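Subject: Structure for you to look at

Dear colleague,

I am passing on the structure below, with the sequence alongside.

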Amino acid sequence: QVQLVESGGGLVQAGDSLRLSCAASGRSFSIYYAMGWFRQGPGAAREFVAAVMWGGLRTNYADSVKGRFTISRDDDKNTVYLQMSNLKPEDTAVYYCAVDPNFQSFSGQYWGQGTQVTVSS
């Protein structure tokens with residue numbers, strides 16, 4: 001099993017920045033797993049946000065966040081980060097951390113409980 005614990009959500013104003021963190025643990029976790037983030041806004045389906053390959057070798061972003069969000073990881077701490085800048089009201093969502101053995105088809109094999117991000121206009 002893999003446990004994922006997110007932190008860093010909150011209420012901010014449009015244009016502000018916020019950093020999410022997610023710490024992974026558990027017997028089944030491997031540093032070779034891809035780590036990433038999804039989000040689900042009010043009344044919307046869950047959508048992919050960003051993913052990072054082990055060692056930070058490659059990253060992938062949704063078009064809606066490119067240039068504003070940066071994903072990174074610290075494999076010594078089994079932690080993935082999502083630095084969000086120039087936040088917009090449409091970024092309001094519950095953000096879920098996920099890990100997946102496969103970076104290319106990252107869809108989340110294990111999930112965190114989610115952390116709320118609310119951006120006011």
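A disulfide is taken here as a pair of cysteine sulfur atoms within 2.5 Å. The structure holds one, formed by Cys22 and Cys97, whose sulfur atoms are 2.1 Å apart. Because Cys22 lies in strand S3 (residues 18–25) and Cys97 in strand S9 (residues 93–100), the pair ties together parts that are 75 residues apart in sequence. The torsion about the S-S bond is about -80°, so the disulfide is left-handed. Cys22 counts as buried at 0% relative accessibility, and Cys97 likewise has 0% and counts as buried, where buried means under 20% relative accessible area with a 1.4 Å probe and protein chains only.

Please keep in mind that this is a predicted model, in which local features need pLDDT of at least 70 and side-chain atom pairs count only at pLDDT 80 or more, while totals for chains, interfaces and linings use all residues. Residues are numbered from 1 along each chain as its sequence is written, and side-chain values use heavy atoms, with hydrogens and water left out.

As for the chain as a whole, there are eleven strands and zero helices, both being DSSP runs numbered from the N terminus (strands E, at least two residues; helices H or I, at least four). Of its 121 residues, 45% count as buried, and the C-alpha trace spans about 40 × 25 × 25 Å along its principal axes. Among contacts (heavy atoms within 4.5 Å) with a separation of 6 or more, 56% come from residues 24 or more positions apart.

With kind regards

How values were computed
Buried < 20%, exposed > 50% of the residue type's maximum accessible area, 1.4 Å probe, protein only.
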